[in-house]
Amino acid sequence: MSLIENLNWRHATKAYDPTKKVSEEDLQKILEAARLAPTSSGLQQFRVLVVENPAIRAQLVDGSLNPECMVECSHVLVFAAWNEYTPERIDAIYDRTTEERDLPQGRFNSYTDKIKEMYGNQSKEAHFNHAAKQSYIGLVLAMAQAAELKIDTTPAEGFDNKRIDDVLELEKRGLKSVTLLYMGYSDKQRDWLSTMKKVRNPMEEFAIRIK
Ligand SMILES: Cc1cc2nc3c(=O)[nH]c(=O)nc-3n(C[C@H](O)[C@H](O)[C@H](O)COP(=O)(O)O)c2cc1C
């Protein structure tokens with residue numbers, strides 16, 4: 001199936017079959033798609049937490065718009081972004097890039113000095129907001145990869161961020177939650193959206209051609 005066919009196939013799944021699990025092989029492909037996301041300045045300023053443990057998921061139900069998905073889907077992915085841009089974090093990724101590309105040390109110093117200065121003048125909140133935007137790129141690639149594998153997903157912003165951050169101890173990792181991606185296999189009997197037409201603005205309205 002082409003990408004467009006996969007995007008037409010997928011929908012925001014409302015109910016999952018609790019007896020069906022996503023295989024480890026497929027999970028790895030979905031995570032790999034997210035890992036390959038391009039990010040601003042190549043900082044890779046988001047992470048994905050994979051939550052399978054039912055006892056932990058039970059603690060995340062409160063505040064979720066999709067409590068049944070939280071409990072019944074196969075895996076819950078939590079997209080979480082850096083809570084702050086620090087010189088150390090910026091250096092760490094550029095040091096890795098320099099090493100893996102076998103470049104001379106300091107190859108990126110003039111660029112990293114520039115972005116350290118720019119982010120140094122911004123608040124932590126602005127850092128997180130910028131990092132959070134990058135995480136959506138990973139979210140979308142994960143959803144597209146899942147669709148190719150015929151795995152159902154639900155992107156979700158409807159949850160209690162503080163609860164997720166606390167239960168998963170994200171602050172310790174220098175992260176804050178942005179979105180969830182429930183994944184698994186739809187329970188067609190209860191998944192009311194599965195048979196509904198996909199509705200989008202018509203192309204003439206959506207794409208604005210500047211001539
Ligand atoms: C960033 C984002 C957050 C969303 N949050 C939720 C959510 O919390 N709960 C939910 O049921 N659907 C959520 N959705 C699903 C949207 O409502 C859905 O994608 C949209 O209505 C289009 O339908 P489709 O995905 O089936 O094509 C979210 C979608 C996105 C992209």
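## Terms and values in a predicted model

Modeller: Of the 211 residues of the protein, 42% count as buried.

Colleague: What makes a residue count as buried, partly exposed or exposed?

Modeller: Buried stands for under 20% relative accessible area, exposed for over 50%, and partly exposed for values in between, with a 1.4 Å probe and protein chains only. The model is predicted: local features require pLDDT of at least 70 and side-chain atom pairs pLDDT 80 or more, while totals for chains, interfaces and linings use all residues. Residues are numbered from 1 along each chain as its sequence is written, and side-chain values use heavy atoms, leaving out hydrogens and water.

Colleague: How many helices and strands does the protein have, and what qualifies as either?

Modeller: There are nine helices and four strands in the protein. Both are DSSP runs numbered from the N terminus: a helix (H or I) has at least four residues and a strand (E) at least two. Along the sequence the pattern reads α-α-β-α-α-β-α-α-α-β-α-β-α.

Colleague: Why is strand E2 described as largely enclosed?

Modeller: Eight of the eight residues of E2 (residues 75-82) are buried, so the rest of the structure largely encloses this strand.

Colleague: How do you know which strands E2 pairs with?

Modeller: Pairing requires that DSSP find at least two bridges between two strands. E2 is joined to E1 (residues 46-51) by six bridges, in antiparallel fashion, and Leu-49 stands opposite Val-78 in E2. Eight bridges join E2 to E4 (residues 175-184), and this pair also runs antiparallel; here Val-76 stands opposite Tyr-182 in E4.

Colleague: What makes E1 and E3 the edge strands?

Modeller: The four strands form an open sheet, ordered E1-E2-E4-E3, with antiparallel pairing. E1 and E3 (152-156) each pair on one side only, and they are accordingly the edge strands. Neighbouring strands are turned by 25° against each other on average, direction ignored. E3 is joined to E4 by five bridges in the antiparallel sense, and Thr-154 stands opposite Tyr-182 in E4.

Colleague: Which helix packs on this sheet, and how do you know that it does?

Modeller: Helix H7 (residues 124-148) touches E1, E2, E3 and E4, and its direction makes about 10° with that of E4. Contact here denotes heavy atoms within 4.5 Å.

Colleague: Why is Tyr-136 neither buried nor exposed?

Modeller: Tyr-136 lies in helix H7. Its relative accessibility is 32%, so Tyr-136 counts as partly exposed. Leaving aside residues up to four places away in sequence, Tyr-136 touches Glu-157, Val-178 and Thr-179.

Colleague: Why are H5 and H6 called roughly antiparallel?

Modeller: The axes of H5 (residues 87-100) and H6 (residues 109-120) come within 10 Å and cross at roughly 155°. Axes are lines fitted to C-alpha atoms, for helices over the stretch in contact, and angles run from 0 to 180 degrees between N-to-C directions. Angles under 35 degrees are roughly parallel, over 145 roughly antiparallel, 65 to 115 roughly perpendicular, and the rest oblique. H5 and H6 are therefore roughly antiparallel to each other.

Colleague: Why is Asp-102 said to be exposed?

Modeller: Asp-102 is found in the loop between H5 and H6. With 72% relative accessibility, Asp-102 counts as exposed. Although not a glycine, Asp-102 has a positive phi of about 55°.

Colleague: Why does Lys-150 fall in the class that it does?

Modeller: Lys-150, in the loop between H7 and E3, has a relative accessible area of 29% and is therefore partly exposed. Lys-150 also has a positive phi, near 60°, in a residue other than glycine.
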